[in-house]
Amino acid sequence: QVNLVESGGGLMEAGGSLRLSCTASGSIFSINDMGWYRQAPGKQRELVARITSGGRTNYADSPKGRFTISRDNAKNTMYLQMNSLKPEDTAVYYCNAAVRLRSGDYVNVWGQGTQVTVSA
């Protein structure tokens, strides 16, 4: 029904920058909140940042001031600009979206994840 596809991950040195993208496709009527989460090896998945359809944002403490979440509603796409990367940012980053389908149903959708590795 709905797919989320992340892109933009990769290997970066500490202090560098990466930009992640997440594009939603399928039987979409509207997208409400969207968010980025991450999961490091041996740890639970954790919130990085979320953004409402109106553009209000909230961030976890760790990336605050270094990461910026944004979205383009016309393109059903969300972004995560990651600056001043640290080795502890290494994780698989997942996109999440609360979607209203054309059928009127609501679904909570996850992407497949994109690996971000930050070397010291």
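Author: Two strands count as paired if DSSP finds at least two bridges between them. The model here is predicted.

Reader: Which residue in β9 stands opposite methionine 34?

Author: Alanine 97 stands opposite methionine 34 there. Strands β4 and β9 run antiparallel and are joined by 9 bridges.

Reader: Which residue of β5 stands opposite methionine 34?

Author: In β5, isoleucine 51 stands opposite methionine 34. The strands β4 and β5 are antiparallel, with 5 bridges between them. They form a hairpin that has 6 residues between its strands. In the turn, glycine 42 has a positive phi of about 75°.

Reader: How should I read the open sheet, and in what order do its strands lie?

Author: Follow the pairing from strand to strand. The open sheet has 4 strands in the order β1-β3-β8-β7, and their pairing is antiparallel. Strands β1 (2-7) and β7 (67-72) are the edges, each pairing on one side only. From one strand to the next, the twist averages 15°.

Reader: How many bridges join β3 to β8?

Author: There are 6 bridges between β3, residues 18-26, and β8, residues 77-82, and the two strands run antiparallel. Across this pair, serine 21 stands opposite tyrosine 79 in β8.

Reader: Over which ring does the charged end of arginine 19 sit?

Author: The ring is that of tyrosine 79, and the charged end of arginine 19 lies 4.1 Å from the ring centre. There is a further case at arginine 45, whose charged end sits over the ring of tyrosine 94, 3.7 Å from the centre of that ring.

Reader: Take methionine 78. With which residues is methionine 78 in contact, leaving aside neighbours within four places in sequence?

Author: With those neighbours left aside, the contacts of methionine 78 are Leu20, Ser21, Cys22, Met34, Gly35, Trp36, Ile51, Ile69, Ser70, Arg71, Cys95 and Asn96.

Reader: And valine 2: is valine 2 buried or exposed?

Author: The cut-off for buried is under 20% relative accessible area. Valine 2 has 10%, so it is buried. Valine 2 is found in strand β1. Between valine 2 and leucine 101 there are 8.2 Å in space, C-alpha to C-alpha, although they are 99 residues apart in sequence. Beyond its neighbours within four places in sequence, valine 2 is in contact with Ser25, Gly26, Ser27, Ile28, Val99, Leu101 and Val109.

Reader: How many aromatic pairs does a search of the whole structure find?

Author: The search finds 1. To read such a pair, take the distance between ring centres and then the angle between planes; planes over 60 degrees apart count as edge-to-face. The rings are those of tyrosine 37 and tryptophan 110: their centres are 5.0 Å apart and their planes are at 65°, so this pair is edge-to-face. Distant parts of the chain are linked by the pair, with tyrosine 37 in strand β4 and tryptophan 110 in strand β10 (residues 106-110), 73 residues apart.

Reader: Is tyrosine 37 buried or exposed?

Author: Tyrosine 37 counts as buried, because its relative accessibility is 18%. Tryptophan 110, at 35%, counts as partly exposed. The C-alpha atoms of tyrosine 37 and valine 48 are 5.0 Å apart in space, and the two residues are 11 apart in sequence. Apart from neighbours within four places in sequence, tyrosine 37 has contacts that include Arg45, Val48, Tyr94 and Trp110.

Reader: Last, the backbone. What is the phi of asparagine 76?

Author: Phi of asparagine 76 is near 50°, a positive value in a residue other than glycine. Asparagine 76 lies in the loop between β7 and β8. With a relative accessible area of 25%, asparagine 76 is partly exposed.

Reader: Where does serine 84 lie?

Author: Serine 84 is in the loop between β8 and β9. Its phi is positive, about 50°, although serine 84 is not a glycine. At 41% relative accessibility, serine 84 counts as partly exposed.

Note on methods: Residues are numbered from 1 along each chain as its sequence is written. This is a predicted model: local features need pLDDT of at least 70, side-chain atom pairs count only at pLDDT 80 or more; totals for chains, interfaces and linings use all residues. Side-chain values use heavy atoms; hydrogens and water are left out. Axes are lines fitted to C-alpha atoms, for helices over the stretch in contact, and angles run from 0 to 180 degrees between N-to-C directions. Contact means heavy atoms within 4.5 Å. Rings of Phe, Tyr and Trp (its six-membered ring) pair if their centres lie within 6.5 Å; planes under 30 degrees apart count as stacked, over 60 as edge-to-face and the rest as tilted. Buried means under 20% relative accessible area, exposed over 50%, partly exposed in between (1.4 Å probe, protein chains only). A charge sits over a ring if NZ of Lys or CZ of Arg is within 6 Å of the ring centre and within 35 degrees of the ring normal.
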